[in-house]
Amino acid sequence: GLSGWVTLHKQPVISNRLREDPRVDPRALERFSGMPLRNAAVAPLMVKERAIGTLVLVDKLGGQSDFDAAGLELLVSFANQAAIAIGNVNLFNETTRLLKEAEQRNAELAVINSIQQAVGSALDFQSIVDVVGDKLREVFGTGDIAIFWWDEETRRNSHLYSYEHGVPLPIPSGVVEPDS
């Protein structure tokens with residue numbers, strides 16, 4: 001249709017004889033809000049030399065006036081302002097998304113930093129495991145977490161830290177027998 005032509009060519013257009021315009025699919029004339037159309041003025045919505053849509057002004061069949069150059073110029077002016085507003089909204093949304101990503105990264109770094117500080121102050125291995133487990137439960141907002149230690153040489157599976165529903169769960173360590 002005419003909007004597609006305007007988007008592709010990035011040029012505003014007036015068509016005062018839509019039914020005879022070779023750029024217009026006749027089926028599109030019947031689909032547009034169910035009213036038969038006589039003429040149209042179409043301006044591209046341009047953002048950074050890219051057409052992101054169109055602003056369309058139509059006159060139904062039986063209308064008395066054709067669109068003229070002055071009307072098209074006004075429509076282009078409105079389209080330019082609309083495109084700037086849309087571009088600003090898109091820029092704001094992208095900035096907000098990037099800010100949220102940066103905040104997420106800062107939160108992740110804060111968690112890592114707090115674990116490093118806690119680990120640095122712990123004196124033994126189990127204390128370090130407890131600090132890491134507690135911090136992971138806090139970060140992920142869960143009461144269910146377990147940390148296991150696997151010793152390949154002895155085939156021993158040690159349950160160093162186990163919580164279920166926020167309550168410590170004592171699970172005995174054990175040797176894993178090889179499959180027979």
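Which helix and strands do the buried residues of H4 pack against? In this predicted model, they sit against helix H3 (69-121), strand E4 (145-151) and strand E5 (156-164). The buried residues in question are Val129, Gly133, Lys135 and Arg137.

H4 itself runs over residues 125-140, which makes 16 residues. From first C-alpha to last it reaches 23 Å, close to the 22 Å expected at 1.5 Å a residue. At the N-terminal end, Asp124 does the capping, with a side-chain oxygen 3.1 Å from the backbone nitrogen of Gln126. After the helix comes Gly141, whose phi is positive, near 60°.

Now for strand E4, one of the packing partners of H4. Phe148 is found there. Is Phe148 buried, partly exposed or exposed? Its relative accessible area is 43%, so it counts as partly exposed. Ala102 is 46 residues away from Phe148 in sequence, and the two C-alphas are 32 Å apart in space.

Here are the contacts of two residues, leaving out neighbours up to four places away in sequence:

| Residue | Residues in contact |
|---|---|
| Phe148 | Asn157, Ser158, His159 |
| Ala83 | Leu45, Met46, Val47 |

Ala83 also belongs to the largest nonpolar core, which has nine residues: Ala41, Ala43, Leu45, Val47, Phe67, Leu72, Leu75, Ala79 and Ala83 itself. Strand E2 (37-47) and H3 are the elements that give two or more residues to this core. Another core lies apart from it, with seven residues, among them Leu2, Val13, Leu18 and Val42.

Notes: Residues are numbered from 1 along each chain as its sequence is written. This is a predicted model: local features need pLDDT of at least 70, side-chain atom pairs count only at pLDDT 80 or more; totals for chains, interfaces and linings use all residues. Side-chain values use heavy atoms; hydrogens and water are left out. Helices (H or I, at least four residues) and strands (E, at least two) are DSSP runs, numbered from the N terminus. The expected span of a helix is 1.5 Å times one less than its number of residues. Buried means under 20% relative accessible area, exposed over 50%, partly exposed in between (1.4 Å probe, protein chains only). Contact means heavy atoms within 4.5 Å. A polar contact is a pair of N or O atoms within 3.5 Å; within protein, one must be able to donate a hydrogen and the other to accept it, and residues adjacent in sequence count only if both atoms are side-chain atoms. A nonpolar core is a set of buried Ala, Val, Leu, Ile, Met, Phe, Trp, Tyr and Cys residues joined through side-chain atoms within 4.5 Å.
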